[in-house]
Structure formats: C-alpha cells, structure tokens
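Here is a short note for a colleague who is new to this structure. Please read the points with the model open beside them.

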Amino acid sequence: MSRRTVAIAVAAAVLAALPLSSGCARRDSRTTLRFWGMGREGEVVAQLIGGFEREHPDVRVIVQQIPWSAAHEKLLTAYVGRSTPDVSQLGNTWVPEFAALKAIRPLESHLASAAFDSSAYFPGIWDTNVIDGLAYGVPWYVDTRLLFYRRDLLERAGWDSIPATWQGWREAMRAVQREVGADRYAIFLPLNEWNPPVIFGLQAGSPLLKDGATRSAFQDSAFRAGFDFYLSLFREGLAPPVTGNEIANVYQEFSRGYVTMWITGPWNLGEFRRRLPPQEQDRWATAPMPGPTGAASGVSLAGGSSLVLFRDSKHPREAWALIEYLSRPQVQLEFWRLTGDLPARVEAWRDPALDQDPNTRAFGVQLQRVVALPKVPEIEQIMIRLQDWVERAVRGTVPPDQALASLSAEVDRMLEKRRWLRARGRTPGGRP
C-alpha cells in the first residue's frame, strides 16, 4: 500500500469515528450521580431511576447494589477513602454514626428551599433522622414491629382480639396457653433478638440512655418495669426460652400452633402469605402492640432506611433532586409494590391496597406510635450487649439485677468518651 493510500485510509477512519466520538462526548456531558442501595432495595431501585432520568435528561444515575452484610464496612471504607456515593440508602440506626463522622450533610437548606413537608411523615420515623436539631436523612421506607398472631387459637381461648393493656394481654396469653397445652406456647420471643425487651422498656417509659445519652438507664425503674414484664412471660411458661436458631422453621411452628403470637416486622407480611398454606391464610392476623396502660402506651421501635446526601458529593443539587423524586408518594407506592417495603410518606397509606388490607393497616396504626432508639453511634453495640445479658437472665445463669448492673457498667464504659467530650462542651461530631 502506498503512503498516499495509507493517509487516505487513516483519514477515512478518523472521519468515520467522529460521529461516535461526538456521541460519547454528549453522554459524558451529563452529570453522573452514584447511588448505593442495600440488599433487595439496591436490586430494585434501578427500576425507578428511569423516571428520574426522563425528568432530568442532563443527569444519569449509576446504581450500585451492596449486600447488607458488607454495607457498613463499605460505607466506612468509602468515607476514609473519600469515595462515598452522592446518595445512599442508610439504615436509620446508622444515621447518627455517619452524622458524627460528618460524612453526610444536614439537609436543612434543601428542605427549606424545596418547602419539604416533614409532617407528611410518621413523626417517630422522621425523628430518627434528626440529630441536635438537624435532619440528616429523609425516610425512604419504614419498619416497626407488632404482633402477628393465630386468630383461630386466640378465638378458641375466648378472645376475639388482642387486648390493648399488658394486663389484658397477659390474661389472653394465659387463656391461649391453657388452650394449646403445655407443649406449646402463647408467644415467641426469640432470645437472639434484642427488640422485644427494648420495646417493653420503651413502653414503660425508659429512655434507655440518660444524661444526654452519656449513661445507661437500664437499671432505672422504667426499664426495670418493662424487663420484669418480659421476664415474667418466660417464668410463667408463656414463652419458650429459645433463640430463633433453635427453631428449625418458625413458619411451620406457627402453622402447627407451637407458638400463637410473635412480635415481628413487615417483611413477614409477604412471608406469611407465601409460606403458610392457602387454607391457613384466614387464620392469622396482625395487631398493634399492647401497652402497660392501653393503646397509647403501646409503642414500638422506629425502623427503616433513609436517603442521605454525602458531604463529598460534587452535585448536591442533583442529588437532592433524586432524593425528592424517590420521596414522592407515587414513587414510594411503586417501590412498595416492587419490594414490599412500607412507604414512609403518610399520603401513600391512603392507597386502597394498603388501607384496605387489615394486616397491613395494623402497621399504619403502629407507625403512629413508634419511638427512635437513642441517636448515638454506639447504639448497635449497646443493643448487642443488651441481648447477651437479657438472654443470660432468661436462662437463669445470672440474676436479673446482676444482668442489668453488668449491662449498665458495659454501656457506661462504651459512653465514656461521650461524657469526656460533653464535659468540655463538645459533642462527638457536633454541628458542622
């Protein structure tokens, strides 16, 4: 091939490549947002992103799905390496930790400029995102725990509904126990779950931590009242002293009546519909938690995930637009249909599919009565230690007084740095 022929061929190749290069340039000119979602939510959220990108053709969103088991470490690693995403899903008990690290932005300016209505959310759920008066996240989906129960066994025991008070509830459980016999139980309270004893403590009025969340309140009378009620259910033989791991298949055990009641969460709405046979679908129901003095005191835990905006995002305006889009009631309803995750926006609960299903509606009632855990980064470690000492007390390896004293001593040690900072007029993280 002559030199001239080669030159012509090269020129033709360059000309042929020009349209493609122009196209790439157009794609690259869009603002790119990175969104991290966890578990099933991370798999599904991409199906919602198309609607956002159509409304914002100058923005593209790259979704990365992260397993829940690796999410916390990956977020911390990204924070240290300054490679955090623009927007991420964050479990609401993680919000205080990442706020303390100053990894996520307070959203006050965005909330104000968008006239964002925080009253459109369940108050207890919204509160999980507020630290030192600043909102660091917008609830995405909500979670709480209430009673799943065998309606038929409760009725055979002489009760047509779950009583609203502890006293009435205990009487109903005793009646169920007489009905089902000594080899079965009125309620399942897995010893490897910290949630039930904490719920009873909150219902009795315990703040769990005191003195500005710098000391344990687990030895105070309020938590002790809830703890005593919890322990009494085991002492009376109403609950089996076992962990969830000691029961091979809890759905089968619920089906055969080994346990009549179970304090658990919304993920089991789908599981019960899927795992229990069709002829048993009308035998189970859900009910808001009873409380020591009636329905108003029947609080439960405020859980779920929030959407947060990371401080290192170079596109906070577009990132906030994505959070706003995913927070729309209709988008939340679509997310619920895809995942089963309950919407955080109260308006979405007016949809007939949610409002007319009594088992789902009970969650809507319970979500009006939820309480946030203390908003300190150490809270998950504290709950793990609580679970350990509570199990020892139930199994009788330590007396209840010693269990609470040991738990309090450990918690106070965990919070020592918090007290040191507070004494010097500082808070871990503090306001940015």
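This is a predicted model: local features need pLDDT of at least 70, side-chain atom pairs count only at pLDDT 80 or more; totals for chains, interfaces and linings use all residues.

**Notes on the model**

1. Start with helix 11. Its buried residues pack against helix 9, helix 10, helix 18 and helix 19 (400–414). Those buried residues are Phe223, Gly226, Phe227, Phe229, Tyr230, Leu231, Ser232, Leu233 and Phe234.

2. Helix 11 has 15 residues. From first C-alpha to last it reaches 20 Å, close to the 21 Å expected at 1.5 Å a residue. Just after the helix, Gly237 takes a positive phi of about 75 degrees.

3. Now the whole chain. It has 432 residues, of which 53% count as buried. The secondary structure comes to 20 helices and 16 strands. The C-alpha atoms fill a box of roughly 100 × 60 × 45 Å along the principal axes. The chain exposes about 19200 Å², and carbon and sulfur atoms supply 50% of that area.

4. Look at contacts along the sequence. Take those between residues at least 6 apart: 76% of them join residues at least 24 apart.

5. Turn to helix 9. It has 15 residues and spans 21 Å between its first and last C-alpha, close to the 21 Å expected at 1.5 Å a residue. Its buried residues are Trp166, Gly168, Trp169, Arg170, Ala172, Met173, Ala175, Val176, Gln177 and Val180. Just after helix 9 comes Gly181, with a positive phi of about 95 degrees.

6. What covers the buried residues of helix 9? The cover includes strand 7 (146–150), helix 8 (151–156), strand 8 (185–188), helix 10 (195–203), helix 11 and strand 11 (259–264).

7. Four strands form it in the order 8-11-7-12, with mixed pairing. Strand 8 and strand 12 (284–287) are the edge strands, and each pairs on one side only. Neighbouring strands of this sheet are turned by 20 degrees against each other on average, direction ignored.

8. Helix 9 packs on this sheet and touches strand 7, strand 8 and strand 11. The direction of helix 9 makes about 125 degrees with that of strand 8.

9. Check the pairing of strand 7. With strand 11 it pairs in the antiparallel sense over four bridges. Here Tyr149 has Met261 in strand 11 as its bridge partner. Strand 7 also runs antiparallel to strand 12, and four bridges join the two. On that side, Arg150 has Trp284 in strand 12 as its bridge partner.

10. Are the faces of strand 12 covered or open? Both are covered. Trp284 and Thr286 lie on one side, Ala285 and Ala287 on the other, and all are buried.

11. The structure holds 26 salt bridges. One of them joins the side chains of Glu55 and Arg328, at 2.8 Å from N to O. Why does this pair deserve a look? Glu55 is partly exposed, at 42% relative accessible area. Arg328 is also partly exposed, at 35%.

12. A second pair is Asp127 and Lys375, whose closest N and O atoms are 3.1 Å apart. Asp127 is partly exposed, with a relative accessible area of 33%. For Lys375, also partly exposed, the value is 25%.

13. A further pair brings us back to helix 9. The side chains of Glu236 and Arg174 meet in a salt bridge of 2.8 Å, N to O. Arg174 belongs to helix 9 (residues 166–180), while Glu236 is in the loop between helix 11 (221–235) and helix 12 (250–255). The two are 62 residues apart. Glu236 counts as partly exposed at 34% relative accessibility. Arg174 is partly exposed too, with a relative accessible area of 34%.

14. Finally, a network. Salt bridges that share partners join Arg385, Asp388, Arg392 and Glu410.

Note on methods
Residues are numbered from 1 along each chain as its sequence is written. Side-chain values use heavy atoms; hydrogens and water are left out. A salt bridge is a side-chain nitrogen of Lys or Arg within 4 Å of a carboxyl oxygen of Asp or Glu. Buried means under 20% relative accessible area, exposed over 50%, partly exposed in between (1.4 Å probe, protein chains only). The expected span of a helix is 1.5 Å times one less than its number of residues. Contact means heavy atoms within 4.5 Å. Two strands pair if DSSP finds at least two bridges between them. Axes are lines fitted to C-alpha atoms, for helices over the stretch in contact, and angles run from 0 to 180 degrees between N-to-C directions. Accessible areas come from the Shrake-Rupley method with a 1.4 Å probe; for residues, only the protein chains shown count as cover.
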